[in-house]
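Please look over the model shown here.

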Amino acid sequence: PVRVTDVVCPFCGTLCDDLECDISDDGKKILEIYNACAIGAEKFMHSQSDDRLVLPRMRQEDGTWKNVSYEEAVEYTAQMLSNAVKPLMYGWSSTNCEAQSMGSKVGELCGAQMDNTATVCHGSTLIAIQDAGVPTCTLGEIKNRADFIIFWGCNPAHAHPRHMSRYSIFPRGFFTGKGHKGRTFVVVDPRHTDTASLTDYHLPVEQGRDYELLSALRVVFHGEGDRLPEVVAGIPKETIIEVGEKMKAARFGCIFFGMGVTQSISKNHNIDMAINVTRDLNEFSKWSIMPMRGHYNVTGSGEVWGWQYGYPFCIDLSRGYARYNPGESSSNDLIERGELDAVFVLGSDPGAHFPFSAVKKMNKLPCVCVDPHITPTTVVADLHVPVAFVGVEVGGCAYRMDSVPIETHKVVDPPEGVLTDEEFLEKVYERMKEIKGV
Ligand code: SF4
């Protein structure tokens with residue numbers, strides 16, 4: 001076998017770039033994967049499965065699937081988007097920036113509603129950052145400098161399995177030679193998770209009361225901790241004061257936060273307050289805050305649209321220019337209000353992540369799903385287009401959760417004839433130009 005090094009894992013926002021693969025001598029098959037966590041390794045090995053789809057499938061009137069050519073799939077998609085009055089183009093998180101950019105060209109041509117998976121995860125974070133700014137840093141700085149780490153409303157032991165060993169808790173860096181022994185580690189989570197079992201302090205905040213606990217910490221930072229009630233959000237006052245004082249005394253700290261904060265009561269206001277906690281702490285020490293982004297390139301989708309349109313998600317292109325109004329132009333709201341007449345999904349699985357009521361409505365709309373896997377979204381799609389695995393069978397740019405762009409590498413070729421996301425979108429774009437005569 002041939003060993004390929006510096007492979008980037010296209011699964012979660014940690015975007016580990018130290019993987020190694022053994023591939024067969026003819027360069028066609030991945031035999032073994034090293035350094036990846038279980039979920040990352042599974043993605044590489046799943047791409048090699050023998051029962052993988054290599055042709056698009058069109059749903060028939062009796063509900064069964066019929067294989068069609070890529071040309072037919074391009075024609076169906078181009079016609080669907082060209083004829084729709086208000087199509088949604090959703091997903092964009094599990095693909096490279098090149099495909100995201102090509103998707104924007106298609107979206108502009110049909111005046112689409114463009115939205116990514118932030119709409120159901122860290123969209124509230126993006127809104128809070130627009131409100132309050134964000135004092136943040138890179139994961140490299142965390143590894144080399146941080147001596148105080150907080151995971152708030154997230155469980156990296158399961159969702160980002162190598163985050164703690166590569167960057168946040170265990171590694172030894174330039175100023176952090178003692179590794180985890182030199183770091184104070186706090187988890188704020190109502191549940192006793194596997195991450196919480198490793199900590200110095202687990203604060204089991206009452207569900208949905210993060211805002212109060214964050215506010216209480218600010219009271220401590222301002223020297224008024226004695227005036228707190230005996231218990232705030234389920235946490236004793238003494239514990240809040242003890243942790244708050246240690247946070248002030250840290251040399252370099254970071255609050256990592258997840259959907260336990262962004263999608264519970266108060267949503268973006270929780271993040272506003274967490275950013276203000278971070279800002280307060282910078283009066284005493286050096287602190288940063290960072291969202292634990294899920295899909296490996298959801299950050300990239302926000303970056304690409306940020307520089308193209310000025311907005312990171314929930315973009316309405318129907319008037320020929322970009323408008324942004326989460327709540328009005330967000331996918332679920334559009335679906336629930338029955339405003340859409342076509343849905344195009346690429347690089348995500350709304351069938352698994354959207355409310356059931358929205359998925360039922362999607363099921364009644366013309367729907368194209370571009371995905372190498374069979375997913376709950378393909379179950380409600382009329383056309384399923386299998387594509388190459390980005391990061392395995394095609395390279396391209398992806399943004400890590402700290403907004404650092406990383407070039408992913410192709411390890412093996414896709415099965416013969418299978419298009420990449422970008423190639424499929426480009427063909428759809430060219431066909432739509434013909435249909436629209438532009
Ligand atoms: Fe892949 Fe994330 Fe696991 Fe790293 S932590 S190997 S990026 S799934």
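How many cavities of 30 Å³ or more does a search of the whole structure find? The search finds 1. A cavity is a set of points on a 1 Å grid over the protein atoms alone where a 1.4 Å probe fits but cannot get out.

This is a predicted model, in which local features need pLDDT of at least 70, side-chain atom pairs count only at pLDDT 80 or more, and totals for chains, interfaces and linings use all residues. Residues are numbered from 1 along each chain as its sequence is written, and side-chain values use heavy atoms, without hydrogens and water.

The largest cavity holds about 90 Å³, a volume being the space filled by probe spheres set on grid points joined across faces, edges and corners. It has 15 lining residues, each with an atom within 4 Å of a point. Closest to the centre are Cys 9, Cys 12, Cys 16, Cys 37 and Arg 162. By class, the lining has 10 nonpolar, 4 polar and 1 charged residues. Here Cys counts as nonpolar and Arg as charged. Domain 1 (2-46) and domain 3 (123-291) both contribute to the lining, so the cavity lies between them. The domain bounds come from an automatic or database assignment.

Two residues other than glycine have positive phi values.

Technical notes. 1 Å grid on protein atoms, 1.4 Å probe; cavity = no way out; pocket = protein on both sides within 12 Å on 5 of 7 lines; lining within 4 Å.
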